[in-house]
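Colleague: Before we discuss the assignments, may I see the sequence and the structure?

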Amino acid sequence: MGKPTVDPGGESEQVRFAALIQLHYQVLYRAAYRLTRSEVDAEDLVQEVCVRAYPRLDEVERLEHPRGWLLRVLYRLFVDLRRRYERKNVRAIDENEEFVSGEPGPPEEAERALDRWRIEDAWRHMNPEQRLLLVLHDIEGYSLAEIQSLTGLKEGTIKSRLHRARVRLGRLLQRDQVVTSMLEDPRGS
Amino acid sequence: MRCEDAVETMRTVGSQPGASLRAAMDHVADCGDCQAALRAIDALRGLRDEPTEPVGDAVIQRAVDRALATRPVERYRRGFWAGMASGAAMAAAVAALAAGLWFFSPRSEAPNAVPQVRVALNERSDVTVALESPEPLANAEVHVELRGAVELAGYAGQRDLRWSTDLDRGINQLTLPVVAIDASGGQVLVEVTHGQKRRAFVLDVRAAAPG
């Protein structure tokens, strides 16, 4: 009796996998960055997706919409690996991050930078489930039904959690605004 | 008007009838939570249009390389038979290693009962079986047969896998990345032969809804 051997995965499989990832990486990375607000964490998260996807390459290739599957894995991983992306006491500095020079720039640029700082600071105080709902609904524009299929949560649960997440983010942003105002004018006048 | 509805009305302003909008505005004017929620929506709108720098090829290659380096099927093919010291006669056993992912039903303790593992539907679960060998065995043949709605991650569609491997003296563990692709579950048959010696065991794989 012949003994078929298991194909350990030759070069062609690796090439096919590389092509798949090449095709979808930018979209995955953008979604990961929106969730983590960190280039380092976004890269790490997409790498985890790749690790999960490679053993299932055959299945993924057969899918009509592999990108949807990859994004779903990314969203689930983000929540499953929540501890890795929880608020950090020491903020990871991205390789390409620009430091504020301290020199005065155009007022609108400074204002935009301040807004971005406020959002990123508030974002780090949100838990991964809250971030996920905000990204899916308010940034990516998924409908409640689509989020339901992605997360398995009931529509009513999504609505109430989404509202709580928005309220929390709004209050964090307000707090930062107050602190910034006090720093700009300690007398509060 | 509920907070969620008021915020939704304000968020989709322009597509709402005037009466609804007025009611929502009245609600929001007196509701700190809704004001905070609208502040968040406004801030997130800015993020929606934020451009993301395209990632370079080196970063993509890093992700691909890492996936190729940690491929689970490679790991179990090459190194699954992890030897552990023991001198008992050759006997089959089932080892529960991935605590929390799956368990054996108490029925498995009954004579001749088929051990059961419970795995999450459509998710990879590492299931480990152990084989005790009294001596090192070169070129033992491993045969894994899959029945029903069960697959091995990385070998989608393959029902029958065979390969040769060396066994250490003592307990050798075989970890299989099992995926239940349907709620009906299935069975995994593992058969190890070396010369006249043969040992086979069957696992019942039951699917459980994730989460």
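Colleague: Which residue of β10(B) is the bridge partner of B:V117?

Modeller: The partner is B:V205. Please bear in mind that this is a predicted model.

Colleague: What makes β3(B) and β10(B) paired strands?

Modeller: Pairing requires at least two bridges between two strands. β3(B) and β10 (residues 197–208) of chain B have five bridges, in the parallel sense, so they count as paired under that cut-off.

Colleague: Why do β3 and β7 of chain B stand at the edges?

Modeller: The open sheet has five strands in the order β3-β10-β9-β5-β7 (chain B), with mixed pairing. β3 (116–120) and β7 each have a single partner strand, so one side of each lacks a neighbour in the sheet. From one strand to the next, the twist averages 25 degrees.

Colleague: Why is A:R164 called partly exposed?

Modeller: Buried means 20 or more C-beta neighbours within 10 Å, and exposed means 12 or fewer. A:R164 has 16 inside 10 Å, and therefore counts as partly exposed. This residue lies in helix α9 (residues 155–184) of chain A. A:Q130 is 34 residues away from A:R164 in sequence, with 8.2 Å between their C-alpha atoms.

Colleague: How many residues of chain B are in contact with chain A, and what makes a pair a contact?

Modeller: A contact requires C-beta atoms within 7 Å. By that criterion, 40 residues of chain B are in contact with 44 residues of chain A. α3(B) gives the most to the chain B side, with 11 residues. By class, that side has 24 nonpolar, six polar and 10 charged residues.

Methods. Residues are numbered from 1 along each chain as its sequence is written. Chains are lettered from A and ligands numbered from 1 in the order in which they are written. This is a predicted model: local features need pLDDT of at least 70, side-chain atom pairs count only at pLDDT 80 or more; totals for chains, interfaces and linings use all residues. Two residues are in contact if their C-beta atoms, placed from the backbone, lie within 7 Å. Helices (H or I, at least four residues) and strands (E, at least two) are DSSP runs, numbered from the N terminus. Ala, Val, Leu, Ile, Met, Phe, Trp, Tyr, Cys and Pro count as nonpolar, Asp, Glu, Lys and Arg as charged, and the others, Gly among them, as polar. Axes are lines fitted to C-alpha atoms, for helices over the stretch in contact, and angles run from 0 to 180 degrees between N-to-C directions.
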